[in-house]
Amino acid sequence: MTTTTTYQQPNAQGYYGKFGGAFIPEMLHRNVEELKSKYLDIIYDPGFQKEFRNLLHDYAGRPTPLYLAQRLSKQYGTTIYLKREDLCHTGAHKVNNTIGQILLAERLGKKRIIAETGAGQHGVATATVCALKGVECIVYMGEKDIERQAPNVARMKMLGATVIPATSGSKTLKDATNEAIRDWINNPVDTHYIIGSVVGPHPYPDMVARFQSVISEEIRWQLKEKTGSELPTHVLACVGGGSNAAGAFYHFLEEPTVQLVAIEAAGHGVHSGLSAATTQLGKPGVLHGSKSLVMQTDDGQVVEPHSISAGLDYPGIGPLHAHLFDSKRGAFLSATDEQALQAAFNLAKQEGIIPALESSHALASLEFLKPVAPKASEAPVPANAKFTKDSVVVVCLSGRGDKDMATYMKAMEEK
Amino acid sequence: MNRINDLFKRKKNDILNVYVTAGYPKLESTVSVMKALQDSGVDMIELGMPYSDPLADGPVIQASSTQALANGMTIATLFDQLRDFRKQVYVPVILMGYMNPVLQYGFEKFCQHAADAPIDGLILPDLPEYEFETEYGPIMQRYGLDFIFLVTPETSEERIRKLDSLSTGFLYAVSSSSTTGKDKDMNAVENYLQRLKSMQLKNPVLVGFGIKDKPTFQQACQHANGAIIGTAFIKALENTADVEGAAKKFITDIKS
């Protein structure tokens, strides 16, 4: 197996170290091969870049602010910036990728868009860009998630998308992904599949990472304006599949002084049996077209993860992140449901910002990274990952909390 | 003796390969269903190893996998069931499954146990040719297991030739780009099968996906060495107390 020379770029077969590749049935070969042979030429065409950048600016609301969170900084005794992806149109970073992919689909001549969604954020971001371009949109969503996420189902429908329940297997995100892949197999000519995270067969992980890399591209120049240096000491981001983390890390991957910290969802606790901490619990395996770390039984059946945050509730992780974990380039921590809730309420009170539950996991890790951490993360914290009073810490605030108000209200009632 | 090569040497046409999920409908059905299929005149059996996330399969076969997993089927259990099965089943048997459970079992150990059974070949639809050539193919070859690649109407001629050169046993022609269990327009499929035939490939060709009854089987056999039936057979086993009887009736109807 050939290895990569950089963290940013997978090799020609789509491998980041040991992870990646394209484990797809022959029925998908033509579609994936077409994408693989064309995506870089299309994305880096000046006309594409112009339209992509214009839409990010005028439609999605970029650049998103890099906000110096003064009260939060004081609380933790260091300098903390929040990258405000929560201020993007549709409420999260997901739209960066869907804008990129809808423009790509247009240039591939595809007339029909399919997507999978868990909590519905990626489904909404996909339905949004399909409305923008007047293209048919079909979103697969687990039957259980449709019940749990009614407001996002309504948003997708209002945007003109067809939401199809995934009724197979465990009826959640992984099954919605299976159904979307099956749809693509059955519609090999006119359909483009907009995957929502840095998962799936090569070239999806690389392609989605490139579209999301605008996050770290902005962090670099924004930080330079504010501090005189492009490089923070730490970048923190939550990881389910890992798209906001890939975007926030991207332009720092080859900067060894920047400590990258990925925070997974520990659910009720890493070893509680109700967790989504894939790097802690997963084993190498193949899921949804790539080799990565996968939560599975000893017999190789994929298990259902748990997190209070639907966006982190995925039994795999993007191959780039599996490689960052394996090579120790990134520190992988995890926060429980309870720790994430506390972090959400803390940010609301300290800064007047209500974060998404996903992003709250990244905020929760500030507790573990303090020089003397009173709360131990369930994953051990490497000493060099901790911050000092002189650190410059960037937290990717990947989404806003509107969609999570029911959970937050319940938490307030229980107090 | 290679049972697959031996079969194609003896018989060039109308080869009937039937798919069944191991451990379906009951955990202990595996060998008795294979025996019933063989006794009804099936030429070859494709035995599915159930997986939680079978991407290339439609809802009927996935439901049978879900049932088999609920019955307690695992790869280890399957190899236990296959101990001594050759006393009863002499037709070629191919294991079909997905990479993840096989990797978890241990790829080499899996090949060793399959060869011990003895199984004749493997179909792993999500194992691509790059990984086959660089990593997994040599292991299968070491244990004498055939590996069967799939081709579809979307596969280019150059790629068909490549996959034919890598395949041993036979080549699996998916009748149209789709998951299993969808109805196909058989007339639209004919050009594609004719194209395959005119390429004079190294391997015999069996057609799968969309073959469900006597007319579709016969039509497929006009342009290929035979055909594979999966979904329609699984449906025939649903909700029946007499599994072996249902299997025999299904095959008899096709071969009559």
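Is the crossing of helix 2 of chain A and helix 4 of chain A left-handed or right-handed? It is right-handed. This is a predicted model.

**The helix pair in chain A**

Helix 2 of chain A spans residues 46–58, and helix 4 of chain A spans residues 94–107. Their axes lie 10 Å apart. The packing angle is about 145°. Helix 2 of chain A brings Phe48(A), Glu51(A), Phe52(A), Leu55(A) and Leu56(A) to the contact. From helix 4 of chain A come Asn96(A), Ile99(A), Gly100(A), Leu103(A) and Arg107(A). By class, this contact has six nonpolar, two polar and two charged residues.

**Where chain A meets chain B**

At the interface, 30 residues of chain A are in contact with 35 residues of chain B. Three elements of chain A each supply at least two residues to the side that touches chain B: helix 1 (29–43), helix 8 (173–186) and strand 11 (283–287). Helix 8 of chain A gives the most, with six residues. The table sets the class make-up of this side beside that of the helix pair.

| Helix 2 of chain A with helix 4 of chain A | six residues | two residues | two residues |

**Chain B as a whole**

Chain B holds 12 helices and nine strands. Its radius of gyration is 17 Å, close to the 18 Å that the globule rule gives for 256 residues, so chain B is as compact as a globular protein of that length. Along the principal axes, its C-alpha atoms fill a box of roughly 45 × 45 × 35 Å. Of the 256 residues in chain B, 54% are buried. Among contacts in chain B with a separation of 6 or more, 74% link residues 24 or more positions apart.

**The sheet of chain B**

In what order do the nine strands of the open sheet in chain B stand? The order is 5-4-3-2-1-9-8-7-6, and the pairing is parallel. Strand 5 (146–147) and strand 6 (150–151) of chain B are at the edges. Each has a single partner strand, so one side of each is left without a neighbour in the sheet.

Two bridges join strand 6 of chain B to strand 7 (residues 171–174) of chain B. These two strands run parallel. Val151(B) has Ala173(B), in strand 7 of chain B, as its bridge partner.

A helix also lies across part of chain B's strands. Helix 10 (residues 214–221) of chain B lies across strand 8 (205–208) and strand 9 (226–229) of chain B. Helix 10 of chain B runs at about 145° to strand 9 of chain B.

Terms used:
Residues are numbered from 1 along each chain as its sequence is written. Chains are lettered from A and ligands numbered from 1 in the order in which they are written. This is a predicted model: local features need pLDDT of at least 70, side-chain atom pairs count only at pLDDT 80 or more; totals for chains, interfaces and linings use all residues. Helices (H or I, at least four residues) and strands (E, at least two) are DSSP runs, numbered from the N terminus. The radius of gyration is taken over C-alpha atoms; the globule rule is 2.2 Å times the number of residues to the power 0.38. A residue is buried if 20 or more other C-beta atoms lie within 10 Å of its own, exposed if 12 or fewer, and partly exposed in between; C-beta atoms are placed from the backbone. Two residues are in contact if their C-beta atoms, placed from the backbone, lie within 7 Å. Axes are lines fitted to C-alpha atoms, for helices over the stretch in contact, and angles run from 0 to 180 degrees between N-to-C directions. A crossing is left-handed if the near helix is turned anticlockwise from the far one by less than a right angle, and right-handed if clockwise. Ala, Val, Leu, Ile, Met, Phe, Trp, Tyr, Cys and Pro count as nonpolar, Asp, Glu, Lys and Arg as charged, and the others, Gly among them, as polar. Two strands pair if DSSP finds at least two bridges between them.
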